[in-house]
Amino acid sequence: VDILYSRFQKLVERDKVTAAQVCKATGVSESTISNLKARGGNLSVDNLKALADYFKVPMEYFISKGDEDETA
């Protein structure tokens, strides 16, 4: 699984929300998250910022190569 999606999933579990709830609150489409899960890859800066703001983590959390559990 892509590191970006893995970190997204950890935050979803941490906050006890569903991916659908996050998508509705942030405006990031569910298909964007589904594609990320299935194929990996990157998010647009706008989507990355929306998710980081929602979860109250720095954008770098999703893209850094550091410790995966540092924020979750």
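Two residues are in contact when heavy atoms of theirs lie within 4.5 Å. Keep that in mind while reading this predicted model.

Start with the whole chain. It has five helices and zero strands. Read along the sequence, the pattern is α-α-α-α-α. Of the 72 residues in the chain, 35% are buried. Now look at contacts with a separation of 6 or more. Residues 24 or more positions apart account for 62% of them.

Next, take a pair of helices. Two packed helices are described by the angle between their axes and the distance between the axes. Here the pair is H1, residues 3-15, and H3, residues 30-39. They pack at an angle of about 120 degrees, and their axes are 8 Å apart. That angle makes H1 oblique to H3. The crossing of H1 past H3 is left-handed. Which residues make the contact? H1 supplies Leu4, Tyr5 and Phe8, while H3 supplies Ile33, Leu36 and Lys37. Five residues of this contact are nonpolar, none is polar and one is charged.

Thr26 lies in helix H2, which covers residues 19-26. Is Thr26 buried or exposed? Its relative accessibility is 18%. Buried means under 20%, so Thr26 counts as buried. What lies around Thr26? A polar atom of the Thr26 side chain is 2.8 Å from the backbone oxygen of Val22. Then set aside the neighbours of Thr26 within four places in sequence. Thr26 is in contact with Ala50, Leu51 and Tyr54.

Key:
Residues numbered from 1 in each chain as written. Predicted model: local features only at pLDDT ≥ 70, side-chain atom pairs only at ≥ 80, totals over all residues. Heavy atoms only, no water. Axes fitted to C-alpha atoms, helices over the stretch in contact; angles between N-to-C directions. Helix = DSSP H or I, 4+ residues; strand = E, 2+ residues; numbered from the N terminus. Parallel < 35°, antiparallel > 145°, perpendicular 65-115°, else oblique. Left-handed = near helix turned anticlockwise from the far one by under 90°. Nonpolar A, V, L, I, M, F, W, Y, C, P; charged D, E, K, R; others polar. Buried < 20%, exposed > 50% of the residue type's maximum accessible area, 1.4 Å probe, protein only. Polar contact = N/O pair within 3.5 Å; in protein donor to acceptor, adjacent residues only side chain to side chain.
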